[in-house]
Amino acid sequence: MGKGATLVIGGGIAGIQAALDLADGGIKAYLVDSKPTIGGVMAQLDKTFPTNDCSMCILSPKLVDTGRHLNINIITNTELVALDGKAGNFIAKLRKHARYIDIEACTACNLCAVHCPVSAIDSYNEGLSERRAAYISYPQAVPLAYAIDKDKCIGCGLCANICPPDAVRYNDKDNETEIEVGAVLLAPGFDEFDAKRLSEYGYGRYPNVLTSIEFERFMSSSGPTAGHILRPSDGKEVGKVAWIQCVGSRDRHINRPYCSSVCCMYATKEAIIAAEHAPQMQKTIFYMDIRAYGKDFDKYIERAQEQFGVRYVRGRVAKMVEDPVTKEVSLTYETDDGKLATETFDLVVLSVGLEPPRSSPQFASALGIELDEQGFVKTSTFAPMLTTRYGVFVAGAASAPKDIPESVAQASGAVGMVQGLLGEARNTEVKAKDLPLERDVFTEPPRIGVFVCHCGINIGLVVNVPEVVEYAKTLPNVVFATENLYTCSSDTQEKIKEIINNFRLNRVVVSACTPRTHEPLFQSTIREAGLNKYLFEMANIRDQDSWVHMHEPEKATAKAKDLVRMAVAKAARLKALPNIELPVTKRALVIGGGVAGMTAAKTISQAGFETVLIEKSDQLGGNLTHLTKTLWGEDAQVFLAELIAQVEEDSNITVYKDTEVQSVEGFVGSFKTTLSNGEVIEHGATIIATGAVEYQPKPDEYLSGDPLIITQRELEESLHKGNFNAKTVVMIQCVGSRNDEHPYCSRVCCTEAVKNALTIKETSPDTEVIIMFRDLRTYGLKELAYEEARQKGVLFMRFDQEKEPQIVDKNGTITVRIMDELIGREVEFSPDIVALSTGIVAEADSNKVLAQHYKVPLNEDGFFLEAHMKLRPVDFATDGVYLCGLAHAPKFTDEAIAQAAATAARAVLILNKDHIEAEGKIALTNERTCIGCGYCVEVCPYGAIELAEKRVLGIEKKVAAVNAALCKGCGGCAASCRSNSIDLAGFTNQDLVSAFEQLMWEEDDIIGCCGV
Amino acid sequence: MNDDPKILAFLCNWCSYAGADLAGTSRIQYPTTLRVLRVPCSARVNPQFILKALQEGADGVLVSGCHPGDCHYLEGNYYARRKFATMLDLLEYVGLEKGRVRFSWVSAAEGGKFAEVVKEVTDGVKQVKDTSQFLKKRDWPSE
């Protein structure tokens, strides 16, 4: 048996997610970061695409959870030196650099920084501001402790003298330790391309040329200008701003030939957010291809153009010149028709690419793993999280540039692999949390504390937060009210606990974002302070106020006050509720027998749990059966055959083919699914991996049906069988993608076209291949194949959606006509074969049936909709149901495998428990007034209520009895009861009515406590 | 005409409340008229709440739940729909203007639709008189 602990290297979002999934799943995590704090790049971002979520706001709850998790040991300022042993029993040697401040003793009071006489460059703000030599990276940092920058420190001793807890350690030294772990999970992230390397862009010389991450800091409320976008040269408002794409990407000359995958989207996001900051600002993005390949990305681009007036100009900037007086920058660029144009901008943002971490050679040699030619960690399509050393897994941008959701999915996916490796050692090194006893507040009059959040500038810019705080103080039962920059940060959690104790609060109201994402965080905070978690209420003044009334600050403030008043009124009535524990059936059901479903089933089985896999067709394999090889030449069929064999031979996996879901009962921990073959499966977790299908061109579309017009898939098959024979091949992209019917990008078609073109060039080099595309989206390392194809003479021709290529078949001779922008006229080709790159479409009808069975949502395109686009990519809002593969959105095999392994890790979080905590907000009967009419029994969808004979106040009668394990807390009974005898705890009739009582009266009419 | 009405909204936690959040993350702007109460399910909304809200001075009431078939609690929104069909008839019978009380389906993916619903219900309420006719008498002694 191996060790039940894992070393996670890198404390960015991938490392954090991995540590949380490991520790929650019974494996102790050592989270190591070379910096004094965790959080990574995501902590520096202002917003995230394509939802414009505030980055810190969604990250902060995870930071806090990580910081206070008993089974996560955060080790900062530390690097891995060597890794000995083998999978299951590694010995990791770590070098901990001196921090010069004792983390345990430091209270983050900031006095050291106040008294420090030395300035240093603030790297959190990308060098745009200064900090002291004694510093903390950002206010929400975890661990919340200062550090001393020894390079800058002059050793004056001021901080040591002033430090109240005596935490300064001038003689702190680097030291080495060893830890024993079963596996290593590598998540070191990426570094930004150094824009100084491209001197033509003037970065470092022209003050008004910034990198994208610097611009991100300018937009952030915690940035150098507190969220105001100003020209660095003179501090003036910015009138015109340009983004230049592919700085340090897709450029062989500087040895950065790959695409950085995220820049098109983050530039668009920055342009949209800039428009929100200053609507009059003119925004232009200079690009080569818009690579909006992800879920809902194209819609985001469309919104940027239509709603926010972002201008996209296709063209590479040839020259940049600064005006020596105004410091404005003029850009000269080549337009689509080959002409040169010059335009002047106040500010130019360089969309810098993602590089392998600069530390990769060191950690690669310490870990004994291989890197690829670009310096990224080497993996393969079919094992995307496995490095070249077994037991060392990788997640996030270290293996290729990728965005947050993919990094998070890989992180969970890598945890799935670790669970498979260390399943037997699970629960051997973890401890259970020791919480203080709950304070009995039943007899106390309500004492409510109100915390109003600025959310950086997300709320504070629109709603007058101090005014709301003052107003809250006037409300009945409120004994304390305050404002926070970020209420969700870890230091605020400590403050809230302190205030609860100091003011003997017994109810807490947080007025901030949405309870859907942040309620659990605050509930566990008040629980740690000894309050029952149900004595908590939230007022949503961001998502449903400041963000939707951005141009009406006064009305938004009035609304915020009303929402706070409603929350306070409701909070005053809240009661402590008992926790209910429900049993867990330790079995998973996986729906869909493609590569995603099989990977999920296999991973769960390896982690030690029984799995049932159902497939509606008569064979396993799904879409992968049509793929012969990957872009990198790996044989898909060999892999698939092996995977099918593993799944079918696994005694822990039961496979049902020709089977679908017929009906579903139950909920997380105890689902009961009836299959079409009559079997009834009891299971604790459900994984939806139902895939998607190839788009079928309509009869009139590009002459489909003509024997010479085939699909890309058919072309691949004929290439594989060797019966391909053509002198000229035309490929047409975006067939069934990015149009009105399917307004999304199918992600894989560009790469598939390039792959087939390369195969053709390999087998018959004289064949002419023409790929007609709209934007060529070979993102990430796939760009290398695009480059190779160009070198081998594949012709790429761009067309606009309005000017699609035209095909005519005249007596068996096909002619394709396309407008060539460069020469400004139509050109003709006469290919022997036309291959249509048909997109991926959801099976909307069958998805809808399944969605209704498991009560999960679909998006407008018929794909399943995850709980959160960025940080919960494989979860549904409904507990215990997970999502992977093409059912989520179009994607490549490696991405589907990562998601599938991630669902396994998430499912293990449920299956590993003996009991799960159920919702305490359930129905309660007042037996005295219940007349036993049975209406509630009839409306209860869960059969949780029955009429029981009882003796109440000396009278034998029938009363409604609620089965706490079955009640889900919908409140249908409470709304139907004729004698108001059954009510829903936490949402009682009185709770709700008191929230809107007096709501609409003028302020003068409100009568507070004792008529004041 | 009522230019600055206040509308009480009961939004179910799983669909419409999430849809309202999505309108926020998408920065879709809509009128400031709404005051939202989160409820687990549209079935939780007792029809009496609507009367009570109007009595308390709400100019309008919006109840929004999951689309038919999508209810997180299997069939709660069907019960809600049935209740409100009857309720709307009753409100019409007692002389309440149409447009003051609105029932809608908004899913977690429909931020745009949520904003539209708010606009519609606000416009509807603006067309009708203020609610002083329903106001509960405040009969405590003045100071």
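The lining of the largest cavity draws on both chains of this predicted model. Helix H12 (515–528), strand E28 (536–540) and helix H14 (553–573) of chain A each supply at least two residues, as does strand E2 (34–39) of chain B. Helices (H or I, at least four residues) and strands (E, at least two) are DSSP runs, numbered from the N terminus. H14(A) gives the most, with five residues.

The largest cavity has a volume of about 240 Å³. Of its 20 lining residues, Glu537(A), Met538(A), Val36(B), Leu37(B) and Arg38(B) are the closest to its centre. A cavity is a set of points on a 1 Å grid over the protein atoms alone where a 1.4 Å probe fits but cannot get out; lining residues have an atom within 4 Å of a point. Grid points are joined across faces, edges and corners, and a volume is the space filled by probe spheres set on the points. The count comes to 13 cavities of 30 Å³ or more.

Chain A also holds an open sheet of three strands, in the order E6-E7-E12, with antiparallel pairing. Two strands pair if DSSP finds at least two bridges between them. Strands E6 (78–86) and E12 (175–181) of chain A each have a single partner strand, so one side of each is left without a neighbour in the sheet. Seven bridges join E7 (residues 89–96) of chain A to E12(A). Lys93(A) has Glu178(A) as its bridge partner in E12(A).

Residues are numbered from 1 along each chain as its sequence is written, and chains are lettered from A in the order in which they are written. Local features need pLDDT of at least 70, side-chain atom pairs count only at pLDDT 80 or more, and totals for chains, interfaces and linings use all residues, while side-chain values use heavy atoms, without hydrogens and water.

Conventions
1 Å grid on protein atoms, 1.4 Å probe; cavity = no way out; pocket = protein on both sides within 12 Å on 5 of 7 lines; lining within 4 Å.
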